[in-house]
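Here are some questions and answers for reading a predicted model. Each answer ends on what was asked for.

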Amino acid sequence: MCGIVGYIGEQRAVDIVLDGLRRLEYRGYDSAGIASLEQGQLVTVRAESKLINLEQELRKQPLHGSLAIGHTRWATHGKPSQANAHPHKAGSFVVVHNGIIENYLALKQQLQQQGHNFRSQTDSEIIAHLIEQQVKEGAAFEQAVRQALHQLRGAYAIAVICEDCPDTLIAAKCGSPLVIGQGQGEYFVASDIPAMLSHTREMIFLEDGELAVFSRQGMQVSTLDGRLVEKSTKTITWNPLMAEKGGFRHFMLKEIHEQPRAISDTLAGRICDNKDGILLDGLNLTDDALKAIERIYLVACGTSWHAALVGKFLIEKHARIPVEVDIASEFRYRQPLVNDRTLTLLISQSGETADTLAALREARGRQGKTLAICNVVESSIARESDGVIYTHAGPEIGVASTKAFTTQLVALVLFSLHLARVRETLDQKAICELIRELLTLPRKVENCLELNEEIEQRVRPYIHCRDFLYLGRGNQYPIALEGALKLKEISYIHAEGYPAGEMKHGPIALIDEELPVVIIAPKNETYEKVISNLEEVKSRGGKILLVSDADTTQQQESCEELFPIPSIHDDLMPILTSIPLQLLAYHIAVMKGTDVDQPRNLAKSVTVE
Ligand code: AGP
């Protein structure tokens, strides 16, 4: 939530900061602003709503300086407005902030008593005033920032510049993400890697409680207490084109189409040459440690939680370990039974989701082993977990998660097979068969993507529907939930996912001629039962949209739409059935004219609790 960007160097800073904000807009987009040092004077330009409004303002008031900070906001404290947009100024300091300052009211009162006037309703503005106050009391710029940060409770990533220090940019983090990009005689700071990728791939990752001071000549990182810290630079392999739309109308559509490649990248290097085992190098868990595990918690939010629900099926089936699936925001408040024989597996595309990060810390605090499945390299969850399986899906910019989800499912299959081999719960033949099937996935996902045009042509009758019901059974129930979430978040149509067998216990009352029911019915052991549910829907007038790999000739009459998909091993089927549901949600949203990549009220990375 919220994206921050900062630049110090020789180039026109506003161009770099604006370009970075454009790539971070997925993090929040209700207002934006930039502050630039213009011939010794700080000039701040802010605008409500999307970045395009800020761009218009900047055309009226061009900025030319080579030191600037910028922000794109997702409101927490104070409504989206120009006054609440960052950067916030106090005296000769401007600050951009991502996070939440929990003790801001007490600090604000104290600052007001000291004569500070506030212009916004935000928690963030206090940071600028705290720095100003420290300087009034005699501290130099850097020291003032340290002292101000010492007073904060909560989460922050900040960038600060000062009118009187034209060669200094200060950045710090605690609980919110912040990455440094290193160029030639220039530095970038941003909430996420894609903001800087077109300028540098050399990145430095700040830890919580660290502060970086940049000049055009160099950079110094230290702890808030002033202890110098040696940082190493990591070269990021993502290329800048990966964060572009590449000719697609929306990032979401591009990312849906990237899935064959993304899945190949998740698999790359992880299957033994003779295709009889899995290699997971970042696991950091010995075979003995894996054998000693008595229980696994899968913890995540949103779409990643749906991946976790599929993961339960995979791990319990293959490795015969009891698995509990938790929504991250619930996990830490229910005193989970974590100990040194439990493994908590955190699933997060961004690796920055505050609830999932808190759950990870809860598990660690209880001496549990932890493992992460993340997409963003070096993200907080990836770094704080004992081990990590990266999905290597490439940057996902569309707020609605697509390729991140299917690659999480692939990572879960790999992990469950690895566990099964180590614990000897699955015979070698079964492991080899699943590996063979895994290797067919990219091609079969491509086959599913061939449905794109047909789905586009057929969605019009559904765009005015008020509700949708999604039904699936077994490992397809989480896909029903995911299909419903996709539709909700980008088309704003209410949708619910249900286990097909549960329909008769309540939701059947909803069915009438107005209700489209998406039924996911792969040809597996529950196929006949799901088809009976289909008939129950039909006899009550519901409109059926069927996703299946079976011969559906007999169902043709009963269904409004048929989305045929290729057959594959049942454990991998959730990956294939997800594709038509993504396309369905996407085309309905496009036809409704919603903002597909940046749906209202949402943000890609939810870094507040
Ligand atoms: C997915 O379409 C959503 N935007 C959202 O549910 C997301 O999956 C959730 O916020 C978790 O994010 P994470 O995977 O980055 O932790």
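Q: In which sense do β12 and strand β13 pair, parallel or antiparallel?
A: Strand β13 covers residues 219-223. In this predicted model, β12 and β13 are linked over five bridges. The sense of the pairing is antiparallel.

Q: Through how many residues does a hairpin join β12 to β13?
A: β12 covers residues 210-214, and β13 covers residues 219-223. The hairpin that joins β12 to β13 runs through a link of four residues.

Q: Which residue in β13 does Ala212 stand opposite?
A: Ala212 is one of the residues of β12 that point one way, with Glu210 and Phe214. Across in β13, Ala212 stands opposite Val221.

Q: What is the bridge partner of Ile170 in β12?
A: Strand β8 (residues 169-174) also pairs with β12, in the antiparallel sense and over five bridges. On β12, Leu211 and Val213 point the other way from Glu210, Ala212 and Phe214. The partner of Ile170 is Val213.

Q: Why is strand β12 largely enclosed by the rest of the structure?
A: In a regular strand, side chains alternate between the two faces of the sheet. In β12, the residues pointing one way and those pointing the other way are all buried. The strand is largely enclosed because the number of its five residues that are buried is five.

Q: Is Thr407 buried or exposed?
A: Thr407 lies in helix α13, residues 403-423. Leaving aside neighbours within four places in sequence, its contacts include Ala262, Thr266 and Thr391. The cut-off for buried is under 20% relative accessible area. Thr407 has 0% relative accessibility, so it counts as buried.

Methods: Residues are numbered from 1 along each chain as its sequence is written. This is a predicted model: local features need pLDDT of at least 70, side-chain atom pairs count only at pLDDT 80 or more; totals for chains, interfaces and linings use all residues. Side-chain values use heavy atoms; hydrogens and water are left out. Helices (H or I, at least four residues) and strands (E, at least two) are DSSP runs, numbered from the N terminus. Buried means under 20% relative accessible area, exposed over 50%, partly exposed in between (1.4 Å probe, protein chains only). Contact means heavy atoms within 4.5 Å. Two strands pair if DSSP finds at least two bridges between them.
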